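Hello,

Here is the structure I promised to hand over. Please open it first, then read my notes below.

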Amino acid sequence: MVFSFASSSTLAKQIEEGAPADLFVSASNKWMKYLSDKNLTVKETEKVLVGNELVLIAPANSAANTVDLAKGEWIGGLKDSYLSVGDPAHVPAGQYAEEALTKLNLWDQVKDKLARAKDVRGALALVERAEAPYGIVYSTDAKVSKAVKTVAVFPQDSYKAVEYPVAILQEHDNAETRAFLNYLQSDAAKKVFVEYGFSVK
């Protein structure tokens with residue numbers, strides 16, 4: 001088995017150009033739809049594999065352990081510092097953060113106090129180094145770092161669901177590919193996904 005890791009857009013374009021692949025797991029519904037609309041997926045196999053959550057993190061040694069997101073008192077803890085996020089202009093995690101903070105009526109209070117990272121791992125790194133007292137990342141990012149802790153989970157209804165779809169690709173629908181897709185949806189695989197911070201149904 002050979003894995004190919006890249007951004008969803010890059011992988012989708014490679015598949016469109018004929019790169020050999022049996023299965024496509026996307027970090028974005030947009031790029032699954034892109035391939036589906038071009039009839040490059042086996043439509044009956046398209047489904048959401050796992051989900052993710054948006055969380056507020058703080059450095060592991062921070063005095064903050066849990067915060068009430070909706071009250072917004074935690075924003076005072078930023079003081080002269082910044083809230084670390086992926087840049088909402090182009091980073092999906094930052095766009096989810098803006099959506100959630102807007103829904104909670106907190107965006108206007110923080111929009112001028114953002115440390116805008118080029119990706120979600122950059123946002124994580126600022127908090128890991130305690131260069132920002134708080135950051136907004138995915139649950140999976142927080143889970144893999146011993147240098148941060150999750151102090152709040154954003155309400156699911158405050159932002160569009162973060163979903164990772166999977167599908168078998170056309171001309172690669174065979175017994176082996178079906179078996180691997182079935183494994184990815186098994187209880188054993190779900191247990192691993194949950195250990196790494198993903199949500200499963």
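Keep in mind that this is a predicted model.

Seven residues from domain 1 and six residues from domain 2 make the contact.

Next, the inside. The largest nonpolar core has 54 residues. Which of its members touch the most others? They are Leu56, Trp74, Leu83, Tyr134 and Phe154.

Look at Leu83 in particular. Leave aside its neighbours within four places in sequence. Leu83 then contacts Leu56, Trp74 and Tyr134, among others. Its contacts also include Leu78, Leu101, Val110, Leu114, Ala115 and Ile136. Lys113 and Gly135 are on the list too.

There is another core, apart from the largest one. It has nine residues, including Leu11, Met32, Leu35 and Ala167.

Last, the surface. Met1, Phe3 and Phe5 make a nonpolar patch of about 470 Å². Phe3 sits in the segment before α1 (8-16). Is Phe3 buried or exposed? Its relative accessibility is 53%, so Phe3 counts as exposed. The cut-off for exposed is over 50%.

Best wishes

Note on methods:
Residues are numbered from 1 along each chain as its sequence is written. This is a predicted model: local features need pLDDT of at least 70, side-chain atom pairs count only at pLDDT 80 or more; totals for chains, interfaces and linings use all residues. Side-chain values use heavy atoms; hydrogens and water are left out. A nonpolar core is a set of buried Ala, Val, Leu, Ile, Met, Phe, Trp, Tyr and Cys residues joined through side-chain atoms within 4.5 Å. Buried means under 20% relative accessible area, exposed over 50%, partly exposed in between (1.4 Å probe, protein chains only). Contact means heavy atoms within 4.5 Å. Patches are made of residues with over 30% relative accessible area and no salt bridge: like charges are joined within 9 Å, nonpolar side chains (Val, Leu, Ile, Met, Phe, Trp, Tyr) within 5 Å. Accessible areas come from the Shrake-Rupley method with a 1.4 Å probe; for residues, only the protein chains shown count as cover. A salt bridge is a side-chain nitrogen of Lys or Arg within 4 Å of a carboxyl oxygen of Asp or Glu. Helices (H or I, at least four residues) and strands (E, at least two) are DSSP runs, numbered from the N terminus.
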